[in-house]
Amino acid sequence: STGSFCSWYQRRVRGVDLHKKSLVFNERLRLTCSSYTDYLDSLQKVIDVSQTQDGGAKDLAPILTKMYVKQRNMESKLQNLCRMLNDGCNMPMKDKLKEWKET
């Protein structure tokens, strides 16, 4: 039954490939979250400086603060997505991969 072996092997290879691609995607998403956090830290420093300055820069602080709050919310959602993909996709696939290798 060479045909059944070939279909089993193809499913296993596809499963391994899907798992690897999922891990790469999750890693890149995690790096995006990290970069986004660095961006927000820099934005916070700009806001702090603009609040202490005289003149037009002080008028910019409330606008930047609103933007900062919205961006923090977006960062939280991005981190939540990363966590959900890992817990809901990568971990079950890892368990399934062990099962595929055993059969």
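Is Gln 44 buried, partly exposed or exposed? With a relative accessibility of 23%, Gln 44 counts as partly exposed, where buried means under 20% relative accessible area, exposed means over 50%, and partly exposed covers what lies in between, taken with a 1.4 Å probe and protein chains only.

## The model and its overall make-up

This is a predicted model, in which local features need pLDDT of at least 70 and side-chain atom pairs count only at pLDDT 80 or more, while totals for chains, interfaces and linings use all residues. Residues are numbered from 1 along each chain as its sequence is written, and side-chain values use heavy atoms, with hydrogens and water left out.

The chain holds two helices and zero strands; helices (H or I, at least four residues) and strands (E, at least two) are DSSP runs, numbered from the N terminus. Of the 103 residues in the chain, 19% are buried. The chain exposes about 7600 Å², of which carbon and sulfur atoms supply 59%, the accessible areas coming from the Shrake-Rupley method with a 1.4 Å probe and, for residues, with only the protein chains shown counting as cover. Among the contacts with a separation of 6 or more, 78% are accounted for by residues 24 or more positions apart, a contact being heavy atoms within 4.5 Å.

## The nonpolar core

The largest nonpolar core consists of six residues, namely Tyr 36, Leu 40, Leu 43, Ile 47, Leu 64 and Tyr 68; such a core is a set of buried Ala, Val, Leu, Ile, Met, Phe, Trp, Tyr and Cys residues joined through side-chain atoms within 4.5 Å. Helix 1 and helix 2 (56–102) each supply at least two residues of this core, and helix 1 gives the most, with four residues. Leaving out residues up to four places away in sequence, Leu 43 touches Leu 64, Met 67 and Tyr 68.

By the rule that rings of Phe, Tyr and Trp (its six-membered ring) pair if their centres lie within 6.5 Å, with planes under 30 degrees apart stacked, over 60 edge-to-face and the rest tilted, the count comes to one aromatic pair. Tyr 36 and Tyr 39 form this tilted pair, at 5.9 Å centre to centre and with 45° between the planes. Because they are three residues apart in helix 1, these two tyrosines are separated by about one helical turn. Tyr 39 is partly exposed, at a relative accessible area of 35%.

Ser 50 lies in helix 1 (residues 2–52) and is buried, with a relative accessible area of 6%. Apart from its neighbours within four places in sequence, Ser 50 is in contact with Ala 57, Lys 58, Ala 61 and Leu 64.

Glu 75, found in helix 2, is buried at a relative accessible area of 6%. Its side chain makes a polar contact of 2.4 Å with the side chain of Thr 37, where a polar contact is a pair of N or O atoms within 3.5 Å; within protein, one must be able to donate a hydrogen and the other to accept it, and residues adjacent in sequence count only if both atoms are side-chain atoms. Not counting residues up to four places away in sequence, Glu 75 touches Tyr 36, Thr 37 and Leu 40.

## The cysteines

The structure holds zero disulfides, a disulfide being a pair of cysteine sulfur atoms within 2.5 Å. The sulfur of Cys 33 is 5.0 Å from the closest cysteine sulfur, in Cys 82, which is too far for a bond. Cys 33 counts as buried at 6% relative accessibility, and Cys 82 counts as buried at 11%.
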